[in-house]
Amino acid sequence: MLLAIDTATRKIGIALYDGVQVLHEAVWQSPFRHTVELTPAIDQALVESGLKVTDLEAIGITIGPGSYTGLRIGAAVAKGLAFSRNLDLVAVSTFEPLSTAFPLDPELRMAVVIEAGRGRLGVGWFEVQDGAWQTAEPAQLLTPEELSKKIRVPTLICGEMDHELRKLLGRKHKNVVLATPAQSLRRPSYLAELAWARWQAGQVSDPETIAPVYLQTNENIPG
């Protein structure tokens with residue numbers, strides 16, 4: 001059994017996955033109360049699924065980019081479980097679960113957007129290569145206006161977008177395909193599937209050395 005944990009932004013997500021089915025999935029908005037909400041939510045998920053913590057074999061987490069507080073808390077909980085229960089830990093980029101959720105379209109680029117605070121956005125860029133959405137360029141920290149200016153070819157945009165951002169990007173109707181709010185939800189079940197596949201392939205992380213990835217101003221970090 002794999003537990004997926006996504007605390008990269010104000011939206012927290014958890015899922016339980018056994019390689020065949022998603023036994024539990026929950027996503028909720030938290031005003032950075034991750035410390036007091038995450039562990040009880042995991043306990044409740046196990047109870048509702050008829051499981052115990054001893055049934056867990058691996059943990060998948062979003063390692064970033066994202067908020068300092070959210071990522072730090074998610075990593076701390078995941079590390080604590082990994083050490084105390086001798087579980088494997090698998091780190092996944094925050095952008096990947098959303099990119100995985102969309103059908104392949106070689107005619108489009110994809111921009112996955114997350115909140116980055118202070119009116120800025122974390123943006124991961126993807127293109128279809130070798131039969132999958134692959135990182136096209138380093139992730140960036142952009143203002144909404146900077147993101148709009150960068151879109152010069154047909155681009156699918158998904159992720160955390162408020163009304164104003166949708167309105168701004170919608171003006172570039174020739175090159176912008178806006179995902180719906182439901183399509184833009186970063187679902188932890190997709191994180192679970194990605195982490196499961198990497199776990200089965202032996203692609204695990206070292207709990208002692210794993211660290212969250214942050215985007216800094218004027219700094220690009222691979223997505």
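This note goes through the structure point by point, from overall confidence to single residues.

1. **What kind of model this is.** This is a predicted model, in which local features need pLDDT of at least 70, side-chain atom pairs count only at pLDDT 80 or more, and totals for chains, interfaces and linings use all residues. Residues are numbered from 1 along each chain as its sequence is written, and side-chain values use heavy atoms, with hydrogens and water left out.

2. **Confidence.** pLDDT is the predictor's confidence in each residue, from 0 to 100. The protein has a mean pLDDT of 94. A value of 70 or more is reached by 97% of its residues. Residues 218-223 are another matter: there pLDDT stays under 50. The model still gives this stretch 15 contacts beyond four places in sequence (a contact means heavy atoms within 4.5 Å). Where pLDDT is low, the predicted coordinates should not be read in detail.

3. **Overall build.** The protein holds six helices and ten strands. Both are DSSP runs, numbered from the N terminus: helices are H or I with at least four residues, strands are E with at least two. For 223 residues, a compact globule would have a radius of gyration near 17 Å, and the protein agrees at 17 Å. That radius is taken over C-alpha atoms, and the globule rule is 2.2 Å times the number of residues to the power 0.38. Along the principal axes, the C-alpha atoms fill a box of roughly 50 × 35 × 30 Å.

4. **Surface and contacts.** The accessible surface comes to about 10800 Å², by the Shrake-Rupley method with a 1.4 Å probe; for residues, only the protein chains shown count as cover. Carbon and sulfur atoms own 50% of that surface. Of the 223 residues, 48% are buried. Buried means under 20% relative accessible area, exposed over 50%, and partly exposed in between (1.4 Å probe, protein chains only). Take the contacts between residues at least 6 apart in sequence: 65% of them join residues at least 24 apart.

5. **Strand S1.** Why is S1 largely enclosed by the rest of the structure? Five of the five residues in this strand (residues 2-6) are buried, so the rest of the structure largely encloses it. Both faces are covered. Leu2, Ala4 and Asp6 are buried on one side, Leu3 and Ile5 on the other.

6. **Partners of S1.** Two strands pair if DSSP finds at least two bridges between them. S1 pairs with S2 (residues 11-17) in the antiparallel sense, over five bridges. A hairpin of four residues joins S1 to S2, and aspartate 6 stands opposite glycine 13 in S2. S1 also pairs with S4 (residues 58-64), in the parallel sense, over four bridges. There, isoleucine 5 has isoleucine 61 as its bridge partner.

7. **Aromatic pairs.** How many aromatic pairs does the structure hold? It holds three. Rings of Phe, Tyr and Trp (its six-membered ring) pair if their centres lie within 6.5 Å; planes under 30 degrees apart count as stacked, over 60 as edge-to-face and the rest as tilted. Tyrosine 68 and tyrosine 214 make a tilted pair, 5.6 Å centre to centre with 35° between the planes. Tyrosine 68 lies in helix H2 (residues 68-85) and tyrosine 214 in the segment after helix H6 (188-200), so the pair ties together parts 146 residues apart in sequence. Tyrosine 68 counts as exposed, at 53% relative accessibility.

8. **The tryptophans of H6.** The ring centres of tryptophan 196 and tryptophan 199 are 5.0 Å apart and the planes stand at 80°, so this pair is edge-to-face. The two are three residues apart in helix H6, about one helical turn. Tryptophan 196 and tryptophan 199 are both buried. Ring pairs link Tyr17, Trp196 and Trp199 into a cluster.

9. **Backbone points to check.** Most residues other than glycine have a negative phi, and most peptide bonds are trans. The peptide bond from glycine 64 to proline 65 is cis, with omega near 5°. Proline 65 sits in the loop between S4 and H2. Asparagine 86 has a positive phi of about 55°. Its relative accessible area is 70%, so asparagine 86 is exposed. Arginine 118 also has a positive phi, near 55°. Arginine 118 lies in the loop between S6 (109-117) and S7 (120-129) and is exposed at 80% relative accessibility.
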